Amino acid sequence: MPSGANSPTAAISVAAVFAVLVLSSSVAPAAAKMFCGSCDDICTASCIYADTIPRACAPQCDGCSPEACQSCLQALRQECLTSCGDSCRKNCT
């Protein structure tokens, strides 16, 4: 197996794609029923406390450096917050 496939950057990229796919299928329908003033709270609950992100980062967090794990978690949470916020603001009432 090429060593590049095990790199933190490659794994973060794969995890980011996974998170976007999960978010695109689950956040938008819920956001359509939400008030615009609640977008930050909705996205915090969906992204910060979701167990999807730690599962997506498991390859970096199981046996790798703590820095790689934290980098993955922070990147996916930020991407989730941005995607969720954009979707919520587009679909809120």
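Analyst: What follows goes through the disulfides of this predicted model.

The search of the whole structure returns 6 disulfides. When the bonded cysteines of the chain are numbered in sequence order, they pair as 1-12, 2-11, 3-10, 4-9, 5-8, 6-7.

The link of Cys36 and Cys92 is right-handed, with 90 degrees about the S-S bond. Cys36 sits in the loop between helix 1 (8-31) and helix 2 (39-47), and Cys92 in the segment after helix 5 (66-91), so this pair connects parts 56 residues apart in sequence. Cys36 is partly exposed at 39% relative accessibility, whereas Cys92 is buried at 14%.

Another disulfide is formed by Cys43 and Cys84, whose sulfur atoms are 2.1 Å apart. This link of Cys43 and Cys84 is left-handed, at -85 degrees about the S-S bond. Because Cys43 belongs to helix 2 and Cys84 to helix 5, the pair ties together parts 41 residues apart in sequence. Cys43 is buried, with a relative accessible area of 3%, and Cys84 is buried with 1%.

Cys47 and Cys80 also form a disulfide, with 2.0 Å between their sulfur atoms. The link of Cys47 and Cys80 is left-handed, with -75 degrees about the S-S bond. Cys47 lies in helix 2 and Cys80 in helix 5, so the parts tied together are 33 residues apart in sequence. Cys47 is buried at 0% relative accessible area, and Cys80 counts as buried at 3% relative accessibility.

Notes: Residues are numbered from 1 along each chain as its sequence is written. This is a predicted model: local features need pLDDT of at least 70, side-chain atom pairs count only at pLDDT 80 or more; totals for chains, interfaces and linings use all residues. Side-chain values use heavy atoms; hydrogens and water are left out. A disulfide is a pair of cysteine sulfur atoms within 2.5 Å. Helices (H or I, at least four residues) and strands (E, at least two) are DSSP runs, numbered from the N terminus. Buried means under 20% relative accessible area, exposed over 50%, partly exposed in between (1.4 Å probe, protein chains only).
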